[in-house]
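Q: Hi! I have a model open on my screen and would like to talk it through with you. Can you help me find my way around?

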Amino acid sequence: MSETDPIRRPGNDGDITSIAASQLEPLNAVVEATFSDMARSVEEQLLRLSTDSRLVMRDMVDGILDDLARVAAEELIKNPLERALGIGSGPLDGQGNDPVGTIIRRSLRNG
């Protein structure tokens, strides 16, 4: 057998490529399963993150809209109404009540 001849083993045709392929086949299966599991895990985590992020973003947007509605109600309704009725310079009367603000908040809660 010369150095250029393929390795000859009993039970094979001597092709080094087929020998290497048969030896690496179990490793290939392990690597493929590992990457498949890892890809599935990454996909699940990204889906969970996307869902959680949407919920957090929705809560944040709802909070911002509530704040904007409150500010708009104060600026467009409450403050001009208080000035027109002559109800003090601050939001509270002498007993800690805010009659106009209470009405506005109640109407905002009730839609």
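Q: Where in H1 does the kink lie?
A: The kink is at leucine 24, shortly before proline 26, and the bend there is about 45 degrees. Keep in mind that this is a predicted model.

Q: Okay, and what does H1 span, in residues?
A: Helix H1 covers residues 16-85. That gives H1 70 residues, with 99 Å from the first C-alpha to the last.

Q: What span would be expected for H1 at 1.5 Å a residue?
A: The expected figure is 104 Å, and the 99 Å of H1 comes close to that.

Q: What follows H1?
A: Glycine 86 comes after H1, and the phi of glycine 86 is positive, near 70 degrees.

Q: Zooming out, how many helices and strands does the protein have?
A: There are two helices and zero strands in the protein.

Q: How much of the protein counts as buried?
A: Of its 111 residues, 8% are buried. As for H1, its buried residues are Ile19, Ala73, Lys78 and Glu82.

Q: What about contacts between residues at least 6 apart in sequence: what share joins residues at least 24 apart?
A: That share is 20%.

Q: Which residues make the nonpolar surface patch?
A: Leu24, Leu27, Val31, Phe35, Met38, Val42, Leu46 and Leu49 make a patch of about 770 Å².

Q: Let's pick out leucine 27. Is leucine 27 buried or exposed, and why?
A: Leucine 27 is exposed, because its relative accessible area is 52% and the cut-off for exposed is over 50%. Leucine 27 also sits in helix H1.

Q: Now the charged side chains. How many salt bridges does the structure hold?
A: It holds three salt bridges. One of them pairs aspartate 37 with arginine 40, with 3.0 Å between the closest N and O atoms.

Q: Nice. Which residue does aspartate 52 form a salt bridge with?
A: Its partner is arginine 48, and the closest N and O atoms are 3.0 Å apart. Aspartate 52 and arginine 48 are four residues apart in helix H1, again about one turn.

Q: And glutamate 74, what do its side chain and that of arginine 70 do?
A: They meet in a salt bridge, at 3.7 Å from N to O. Both residues belong to helix H1 and are four residues apart.

Q: How accessible are glutamate 74 and arginine 70?
A: Glutamate 74 is partly exposed at 27% relative accessibility, and arginine 70 is partly exposed at 38%.

Q: Back to the other two pairs: what are the values for aspartate 37 and arginine 40?
A: Aspartate 37 has 44% relative accessibility and counts as partly exposed. Arginine 40, at 42%, is partly exposed too.

Q: And aspartate 52 with arginine 48?
A: Aspartate 52 is partly exposed, with a relative accessible area of 34%. Arginine 48 is partly exposed as well, at 44%.

How values were computed
Residues numbered from 1 in each chain as written. Predicted model: local features only at pLDDT ≥ 70, side-chain atom pairs only at ≥ 80, totals over all residues. Heavy atoms only, no water. Buried < 20%, exposed > 50% of the residue type's maximum accessible area, 1.4 Å probe, protein only. Contact = heavy atoms within 4.5 Å. Patch = residues over 30% accessible without salt bridge, like charges linked within 9 Å, V, L, I, M, F, W, Y side chains within 5 Å. Areas by Shrake-Rupley, 256 points an atom, 1.4 Å probe, with all protein chains shown as cover. Salt bridge = Lys/Arg side-chain N within 4 Å of Asp/Glu carboxyl O. Expected span 1.5 Å × (residues − 1). Bend = angle between axes of the 7 residues up to and from the residue.
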